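Please consult the sequence and the coordinates alongside the text.

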Amino acid sequence: VFITGSEKEKREDCSTVFKFCSIQEMISELSVVYNRWHGLGPGVDHTARLITVCSEADSYSSERCRSLAGQIIYSHGGSVLILPLSYINDYGVDEKLRSNSLSRLLYSIKCGREKGIEGVTYTDSYGVSSLLLSKGRNPVAYLDEDEIRTLVFGLSRRFDTIIADA
């Protein structure tokens, strides 16, 4: 990857990054080159903000993430999704709405049909979104690295900010 002094200095035979572009754009380009070099697939669209929240106690973690999501929406706007990564899902919905939505979502992302994401997410009155999963056992916690990468890649195309609750 070559860093260029002007946006017009693009070379066909190599990857270039404008030295005054945003950090998100720079990381995105470096991620694409890294994944192309190592054969890891499309990678994460780093134009979306990915924030990971780690907390000592699970009981406070969901409150902190919801509070952070509300502050992001209040100060910056945009769409925010909370992605639970712990074994217990505190963002779940009623059993009536329970379905195999995670499998459908992963299938939609792998097939390039990200428009199906609306049917597997829930947005509350504050504008904070979460996956339509049942409370209790969290199926996202049991995904392997490639599946989580695919999930974050697909969600980052739809949401401006993703908060991973670890």
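The following paragraphs treat the pocket and then the sheet of this predicted model.

The largest pocket has a volume of about 270 Å³. Its lining comprises 15 residues, and those nearest the pocket centre are Lys10, Thr16, Val17, Phe18 and Glu29. By class, the lining of the largest pocket contains 6 charged, 5 nonpolar and 4 polar residues. Two elements, strand E2 (16-18) and helix H1 (23-38), each contribute at least two residues to this lining.

The model also contains an open sheet of 5 strands, whose order is E3-E9-E4-E7-E6 and whose pairing is mixed. Strand E3 (49-53) and strand E6 (121-123) form the edges, each pairing on one side only. From one strand to the next, the twist averages 25 degrees. Within the sheet, strands E4 and E7 run parallel and are joined by 3 bridges. In one of these pairings, Ile82 has Ser130 of E7 as its bridge partner.

Helix H4 packs on the sheet, where it touches E3, E4, E7 and E9. The direction of H4 makes about 165 degrees with that of E4.

The residue ranges of the elements in this packing arrangement are collected below.

| Element | Residues |
|---|---|
| Strand E3 | 49-53 |
| Strand E4 | 80-84 |
| Strand E7 | 128-131 |
| Helix H4 | 145-156 |
| Strand E9 | 161-165 |

How values were computed
Residues are numbered from 1 along each chain as its sequence is written. This is a predicted model: local features need pLDDT of at least 70, side-chain atom pairs count only at pLDDT 80 or more; totals for chains, interfaces and linings use all residues. Side-chain values use heavy atoms; hydrogens and water are left out. On a 1 Å grid over the protein atoms alone, a cavity is a set of points where a 1.4 Å probe fits but cannot get out, and a pocket is an open set with protein on both sides within 12 Å along at least five of seven lines; lining residues have an atom within 4 Å of a point. Grid points are joined across faces, edges and corners, and a volume is the space filled by probe spheres set on the points. Helices (H or I, at least four residues) and strands (E, at least two) are DSSP runs, numbered from the N terminus. Ala, Val, Leu, Ile, Met, Phe, Trp, Tyr, Cys and Pro count as nonpolar, Asp, Glu, Lys and Arg as charged, and the others, Gly among them, as polar. Two strands pair if DSSP finds at least two bridges between them. Axes are lines fitted to C-alpha atoms, for helices over the stretch in contact, and angles run from 0 to 180 degrees between N-to-C directions. Contact means heavy atoms within 4.5 Å.
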